[in-house]
Amino acid sequence: MPTVERSQIYYHGENSDTKRLFGEQLWERICALLQDGSRFATAGQIFKLWFQWDYQTGLYGPRPEHFQEDRYWSMLQSGLLHGFAEQRKYCLGILQSALPKVNSDIHTQHMTFSVEERQFQESRYEKYCTLFEAIVLDRYANQVEACLGDLTILMAESHVHPAWMTTMLSAALNPKVQDGIRKIIGNWYIDFIKLRRGPLASHSDFVIQGFLPWATQGFLFTGTLRVSRDHTICEHGTALSRVIGTLIQELPTISDKREFSRAILQFVVDKRGRIFVYSILYLLEGILHGLRTSSSLGALESNDLALILQVSRHTGLPEIARDFCTTLCMQFFEEASSDTWANLAGYDLLRMKWRDLNNENAPTANLANLEMNLLKLADEGLSPLAAFRQYMESTKYKAVQGVALSEACGYLLKILDSSSSNVSPNDLLPILEAIWDEADTQEYARYIVRLLPPLFFHPRCVETCIEDTEEADTLHELLAKVLTQLHHFAEGRSYLLATLTDSLRRACLMHPQALELLPMEDFLVRFVEHPPAPKDEFLFEVVFAEELETYLPHRTYASYYGQRETHAYANIIDLLNRFPIQQLDVAKRVMDRLLRPWAKQKPPIPIISKWKEAFQLQVMLILTESCVGEEEVDSYLTQYRHALTVESWPRYRYLFEWIVARIYMQYPDRAKEDLLANVSTTGDKDNVPRLVASWIKLSVMVASFQNDCGEYALRLMTHLIPLSASPKVQIRHEAHWSVPIVWDLAEQKGWRTILENPAFKALNEHIRQLDQFTAPATTSRKLKLDPVDDYTLVNIFQGEYMRTDQVELEKVSYEDFMELGVEDERKRFTPPLARIPLGEPLPTPESAAIQRPSLDGISIPTTSATATSSTPLQTKATSIATSLLATPSSLSTSTRPTPLILVASLIDNPTNLGGLSRISEIFGLEALYLRSLDVLGSKDFQSTAVTSHKHLPIKELKVGDVPQWLMEMKRSGYGVVCVEQTDRSFVLGEDADIGDRENGGEGKGRLPEKCVLVLGSEREGVSKEVLVCADRCVEIRQVGVTRSLNVQTAGGIVVWEWWREWGKSYGGSKV
């Protein structure tokens, strides 16, 4: 019988048949245990036994025929896929030890090996083991990224069986692996499929079992939504569709394509709703694309179409996504034989939905019966509105209930648009109250709530509530309540924004009193301070609306939800730009409320705050033009200057400077008094450099609109000369940037006093030759700002400053304002004149352009790799075979532990002690001594120790016991060395006493072989009671002025110095 001692298996008896029989029985027993599902918890021990047996030679170890068994390799792959770190190391070790023993070619389902190419194939599998360690076991992100080139080469070759590669990928995408690593590997695989870098036909099982569980996670889709005015795409979703389509195309037979498609559909069905719903659409799109391009749609069978019907009934999709799902599912049936789906349950319902989607005539309210009844009442002399009220009351309000509500709203809008006579509040109020109550009963359904703003804030309704009657006052209260409620809805339902703001803009510009009667001040402040943005679910609706439109051109986003959110911003900005002059008090209150939190900031303030938005400052810039009167100018300038003093984010400072410049344009005399005075005192120690830079920039902007023959510009240039040599970087750079601007202005204006000055000319020529002057602007601080010519809506909301520093998504564009003008013309509405011109459209930067993708066109970052080169891989693990064959009981004193002990009893900081634990374990120290073992439970200790304290002897040594213990160690032959700066310390690693070295002794700066290192506390160092026990003290040579190193850093240096001197005798290797 065998016995297991340390890492070797020994047998009693020398009979070869007995040995061979035992080896066969052991192999069968290993297979039986691993195939027993109840043995999962002990699988690691079974693989350890296999590993020990596999490392035997001759008759004791595996026989050649064992390597021809497919289960030999399939069980290893299962162990790599499902095991913990130690088990996986055993599996890799078995693979490495088995290949040199193979003496004939292997061709099984899970393994191929050619004896003729042994050396090359063994190197490939060795590379595989290295990659598995780095990607699955070590899992450092930078290390995994460095592996991608070699992973591409290995995956593209056929020398490593595909089953091994998909095993590694499945292990890397396991949910127990951190998301960052899974994302790196998952995106690499998407790129690999996209570029078809290798054979793909064998990937089907991996895609279903390993890739799709990762690829259908919601955060991957929501995190890759890309929004522009023209297109909204989900990069991950499009890439997923392309992966599925490409894999289907690469499968060799129609049967394989059908089986793979069926497996994906079954994957969706089996999830039973526990899947990110939008991923289903991308999977369907990929299957459809793959089957259609390979002309295999007609080969689908009835069980395949039954699965598609199950998917089509999936709940949880919003309206457009649901219709797109119906469209995709119907495509499979369009090309399938009718014999396959004729009797399938659910097909008739799918077909009916498809017919409804194909109906190009949008459903409209059937008003025939309503209008007929109202015409009879009109013949009796009643106005249309009074007739409607009487009809509503006669039907006991059924005329506005249920499905009739939308008909009633449509009819009322028709009346208000066509009626030229005054609208009676006695008739209008009860009708609107009934409609609002019914909308509440129907829980403000989408198709109803979109009709409410045009009705309630119709100019005729607003005009009616302005009247001085009791009913008008009640109507005013109703409209105020409706506005507050609809604004609340709009913040969660972005599709409501456009119709609400459009109705309010028209009403307020036609009847300015509405700005006071309605809570427009609160509405505007709330809108600007908390700019509404569409939620992810609505962005996905935009994505699928574009996709649906390719199948059904009449099914656009607008046909479902109306105009996009950018139209709402255009409405609000245009209203502020045309604010009625008789209601400027409202505009001033809005600007004051927006400015207040900015002006009340106290330093230090965070660079980025959640409540801050560039949109707030853009709106203040618009309102400045009409709201800053001469009596308030000093107050506003004081507040804006304070904001410039404390605000540090360049984009916000840029807008504040623009606002102040526009104020100075209105009151140019104040600019002369303020700016040059501030620029001339820039040497004061109290001045903040960024504030001085702002004064310089403002002074340059003001110079462009001073009509004094260049006198102001001359004084400014005189100040810029010394400022160009300022030791403060911000001041110096701003002055450099300003000199050429003032020079160009002087040439334009013909200011000879500047142009003929040799000092100004030399400085201008010097600055224009600097790299920073010609380099593209990377921050808004370097952007030239003309407060006059740049003052357009396009530059305010789309200017280049929005694309520097940190790119910010534009909330509105030139096209939105143009569409607003077209809409006004269509409605025959002429708004008041705008104060700020629109400006010319700006060219779209390449970085902001988003192209609508196809399944063949999604762009994904690629990893370059060639078949002739590979990157050296960092491996933090030691040799697999060495680390696993050696167990604690088998370590001899000739290799470990080292005769080096670290005493840290004088240290009480858990973080430092954790670092010393890690150092001690890595360098194989004999022991680490601490004042108390309680520190091992500290989170600070564990965060730096990682798991080192579990693999290292750590012992307790009280501070008071240290001197006596050191004396005992000295009697045992150890040298005691204190790491401390004293007047008798020797420099670590140096020969202080040449005579001792020449006589065979040790230099006093070198450490003894048997050594006890004592580290002192962070504050007091090594106490005198311990110093008297030391054989010597050493200190680390330093060339800087800092007095000392952190104690764990110092400890690491000293331990490394011991290893440099003595490590080769104790198995030292690279660290």
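Good morning. I begin with Glu 516, which counts as partly exposed at 42% relative accessibility. Please bear in mind throughout that the model is a predicted one.

Which residue does Glu 516 pair with? Its partner in a salt bridge is Arg 589, and the closest N and O atoms are 3.6 Å apart. Arg 589 lies in helix H33 (residues 584-599) and Glu 516 in helix H28 (residues 514-517), so this pair ties together parts that are 73 residues apart in sequence. Arg 589, with 32% relative accessibility, is likewise classed as partly exposed.

Helix H33 contributes to another such pair, as Arg 593 lies in it. Arg 593 forms a salt bridge with Asp 522, with 2.8 Å between the closest N and O atoms. Since Asp 522 belongs to helix H29 (residues 520-529) and Arg 593 to helix H33, the pair ties together parts that are 71 residues apart in sequence. Asp 522 has a relative accessible area of 43% and is partly exposed; Arg 593, at 27%, is also counted as partly exposed. Elsewhere, salt bridges that share partners join Arg 258, Glu 259, Arg 262, Glu 301 and Asp 304 into one network.

How many salt bridges does a search of the whole structure find? The total is 44. One of them is made by the side chains of Asp 150 and Lys 127, at 3.8 Å from N to O. Asp 150 is in helix H7 (residues 141-156) and Lys 127 in helix H6 (residues 118-138), so parts 23 residues apart in sequence are tied together by the pair. Are these two residues buried or exposed? Both Asp 150 and Lys 127 are buried.

I turn now to polar contacts of side chains with the backbone. Arg 651, in helix H36 (residues 650-666), is buried, with a relative accessible area of 2%. A polar atom of the Arg 651 side chain lies 2.7 Å from the backbone oxygen of Thr 804. Ser 920, placed in helix H47 (residues 910-922), counts as buried at 0% relative accessibility. What lies 2.8 Å from a polar atom of the Ser 920 side chain? It is the backbone oxygen of Leu 916.

Next, a strand residue. Ile 901 sits in strand S7 (residues 900-903) and is buried, its relative accessible area being 2%. Ile 901 and Tyr 929 are separated by 28 residues in sequence and by 7.9 Å in space, C-alpha to C-alpha.

Finally, the surface. Asp 468, Glu 470, Glu 471, Asp 473 and Glu 477 form a negative surface patch. Among them, Glu 471 is found in helix H26 (residues 470-492) and counts as partly exposed, at 32% relative accessibility. Thank you.

Terms used. Residues are numbered from 1 along each chain as its sequence is written. This is a predicted model: local features need pLDDT of at least 70, side-chain atom pairs count only at pLDDT 80 or more; totals for chains, interfaces and linings use all residues. Side-chain values use heavy atoms; hydrogens and water are left out. Patches are made of residues with over 30% relative accessible area and no salt bridge: like charges are joined within 9 Å, nonpolar side chains (Val, Leu, Ile, Met, Phe, Trp, Tyr) within 5 Å. Accessible areas come from the Shrake-Rupley method with a 1.4 Å probe; for residues, only the protein chains shown count as cover. A salt bridge is a side-chain nitrogen of Lys or Arg within 4 Å of a carboxyl oxygen of Asp or Glu. Lys and Arg count as positive and Asp and Glu as negative; His and the chain ends are not counted. The place of a charge is taken as NZ of Lys, CZ of Arg, CG of Asp or CD of Glu. Helices (H or I, at least four residues) and strands (E, at least two) are DSSP runs, numbered from the N terminus. Buried means under 20% relative accessible area, exposed over 50%, partly exposed in between (1.4 Å probe, protein chains only). A polar contact is a pair of N or O atoms within 3.5 Å; within protein, one must be able to donate a hydrogen and the other to accept it, and residues adjacent in sequence count only if both atoms are side-chain atoms.
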